Amino acid sequence: MRRRKRIPSAPLPQREGVDPVRVRLPVEGAWSTVREHLVERLATGAGVIDGMLDAGLIVGADGLPVSADAAYVPGMFVWFHRELPDEVPVPFDLDVVYRDEHIVVADKPHFLATTPRGSHVAETALARLRRELGIATLTAAHRLDRLTAGLVLFTVRPDERGAYQSLFRDRLVRKEYEAVAPYRESLVLPLTVRSRIEKERGVMAAREVPGEPNAVSRVELVEHQDGRARYRLLPRTGQTHQLRVHMNALGVPILGDPLYPVVTGPVPAGDFRRPLQLLARVLEFTDPVTGHSHSFVSGRTLGAWSGNENWAGQ
């Protein structure tokens, strides 16, 4: 059995709470220099790569700059910081509801991505917490959609991350969500929705398809008034957009959803008036490291139900 090559520690420090990019050169390839491979692999153009190499911004495992004519070495690692995009700050607090030497539980606002991805890098929950708490090793044990608010679990020690991630993989975490959506008198609740959901790369919305169910959600009615209702959602699996897809399939799409039932045009940057009315309200689990039982409840409310005038719902 071939041993997996150990990944060296990053020789560059974080920037604005964001890790440097790590690139491993393929074992097989016909490139003669590191530069040739990076130009072909990265969609930034030869000029950008040459500029980074000339400025010493691309480094090897020893932290020393990689020269423009450095020979290609199969399996070699290089690191660099990507140029941070211009991001509109998300003007809502990121509250820490619990912290110990092993974990941090944060109450994430709407519009804030959990981890760096795409055009959301420094303005993410992970990067913010690293900066504010001074914990460079902080990582996310799971993720919430950028548009979903509520509780997220982060781990402090890299060697313990797997233990906490396994809680979600093995369905040992009780998660309770709250949503505001239209009220349908003909919809008999509670009920359990089972379907097969697939999400194609590059396609914004997930969809239900025939086949063995891979997504299970329990939907309960909490209360209703004026044509709207507050629902308790209990996902038993964790497919992408699962709760949003299931609520739409029941004919009660969650208010403020830009994807279901139809994909709407992009919202201008800085427009925070219409948050998705979905909240990860409860997170409960037994700590795999300490053995303690944890139960956390979000302090946030959904504006479409609480009467927040800033929520531009319909």
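The structure holds 6 aromatic pairs, where rings of Phe, Tyr and Trp (its six-membered ring) pair if their centres lie within 6.5 Å, with planes under 30 degrees apart counted as stacked, over 60 as edge-to-face and the rest as tilted. In one of them, Phe-92 and Phe-272, the ring centres are 5.8 Å apart and the planes stand at 80°, so this pair is edge-to-face. Phe-92 belongs to the loop between β2 (77-80) and β3 (95-99), Phe-272 to the loop between α5 (242-249) and β12 (278-286), so the contact ties together parts 180 residues apart in sequence. Helices (H or I, at least four residues) and strands (E, at least two) are DSSP runs, numbered from the N terminus.

The model is predicted: local features need pLDDT of at least 70, side-chain atom pairs count only at pLDDT 80 or more, and totals for chains, interfaces and linings use all residues. Residues are numbered from 1 along each chain as its sequence is written, and side-chain values use heavy atoms, leaving out hydrogens and water.

Let us turn to another pair. The rings of Phe-285 and Phe-296 have centres 6.2 Å apart and planes at 45°, so they are tilted. Phe-285 lies in strand β12 and Phe-296 in strand β13 (residues 293-297). Phe-285 is buried at 4%, and Phe-296 is buried at 9%.

Definitions and conventions. Buried means under 20% relative accessible area, exposed over 50%, partly exposed in between (1.4 Å probe, protein chains only).
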